[in-house]
Amino acid sequence: MTTSSDVDERLIEKGRKLFAQSWRFTHASPSIESLPPMGAIEVAFAGRSNVGKSSLINALTGQNALARTSHTPGRTQELIFFEAPEYAPLRLVDMPGYGYAAAAKTKVASWTELIHKFLLGRSSLARVYVLIDARHGLKEVDQEILKTLDRSAVSYQLVLTKADQIKPAELAARIAETETALAKHPAAFPQVLATSSRSGTGMPELRAAMVRLLEERGA
């Protein structure tokens, strides 16, 4: 008899092997016209500037220098694609950060248009992981992205970052309030994952979630 814990352990081990490979940068797309051809199943990471997207991608792959990290918010201005050579069916996409008020309005408008066009027109995009700073929770600018995802019917899941920087009771409350807010969003996956790029918390579960997604897609 196979139990849910057996399934979880299988997915976690499969996720570990998948992300233990040598992932590499493959494309940087500043516009929809420059996107790589569709084919591989894609998962994208979205979030406010400085929420820790690049750090999370580095922690997932165990490659500290794969995705560029910066103390300057809004540095990622393109869609950045990563692949594992021996596992072509999956691509990771680092999306431009949103909500960076100090950037020029024209630049913010350009990033926003790129994000929205990508979300609305990419049939190979299987899921978007929307990163939320665990210390601050959902903000109005996050709600706008969730509405866009709802309209485009792209499956998405919320991932709390920097979970090691708040107390366990506060984290539990943040998870609960975020899951309550998601009940209003039809395209949202109901479970919220809590992660820390620094401690590695939640990384096995996030990898396992991607493996499950690949299996559901028949990859």
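A residue is called buried here if its relative accessible area is under 20%, exposed if over 50%, and partly exposed in between, using a 1.4 Å probe and protein chains only. You are looking at a predicted model, in which local features need pLDDT of at least 70, side-chain atom pairs count only at pLDDT 80 or more, and totals for chains, interfaces and linings use all residues. Residues are numbered from 1 along each chain as its sequence is written, and side-chain values use heavy atoms, with hydrogens and water left out.

**Stop 1: aromatic rings**

Start by selecting F19 and W23, both of which are buried. A pair of aromatic rings is described by the distance of the centres and the angle of the planes. Rings of Phe, Tyr and Trp (its six-membered ring) pair if their centres lie within 6.5 Å; planes under 30 degrees apart count as stacked, over 60 as edge-to-face and the rest as tilted. Four such aromatic pairs turn up in a search of the whole structure. F19 and W23 make a stacked pair because their ring centres are 5.1 Å apart and their planes meet at 10°.

Next, pick F45 and Y129, another stacked pair, with 5.7 Å centre to centre and 25° between the planes. This pair links distant parts of the chain, 84 residues apart: F45 belongs to strand β2 (residues 41-47) and Y129 to strand β5 (residues 125-133). Helices (H or I, at least four residues) and strands (E, at least two) are DSSP runs, numbered from the N terminus. F45 and Y129 are both buried.

**Stop 2**

Now colour helix α2 (residues 53-61). The helix is largely enclosed by the rest of the structure, because eight of its nine residues are buried. Among those buried residues are K53, L56, I57 and L60. Step on to G62, which follows α2 and has a positive phi, near 65°.

Then step back to N50, in the loop between β2 and α2. Its phi is near 75°, a positive value in a residue other than glycine. N50 counts as partly exposed, at 43% relative accessibility. Most residues other than glycine have a negative phi.

For a second example, go to A153 in the loop between α4 and β6 (156-161). The phi of A153 is also positive, near 60°, and A153 is exposed, with a relative accessible area of 62%.

**Stop 3: R135**

Select R135, which lies in the loop between β5 and α4 (140-152). What does R135 touch, not counting residues up to four places away in sequence? The answer is K162, Q165, I166 and R174, where contact means heavy atoms within 4.5 Å. R135 and Q165 are 30 residues apart in sequence, yet 7.2 Å apart in space, C-alpha to C-alpha. R135 is partly exposed, at 32% relative accessible area.

**Stop 4: the second largest pocket**

Finish at the second largest pocket, which holds about 270 Å³ of space. Of its 14 lining residues, Q191, E205, A208, A209 and R212 are the closest to the centre. On a 1 Å grid over the protein atoms alone, a pocket is an open set of points where a 1.4 Å probe fits, with protein on both sides within 12 Å along at least five of seven lines; lining residues have an atom within 4 Å of a point. Show α6 (203-216) as well: this helix gives the most to the lining, with six residues.

Note on methods: Grid points are joined across faces, edges and corners, and a volume is the space filled by probe spheres set on the points.
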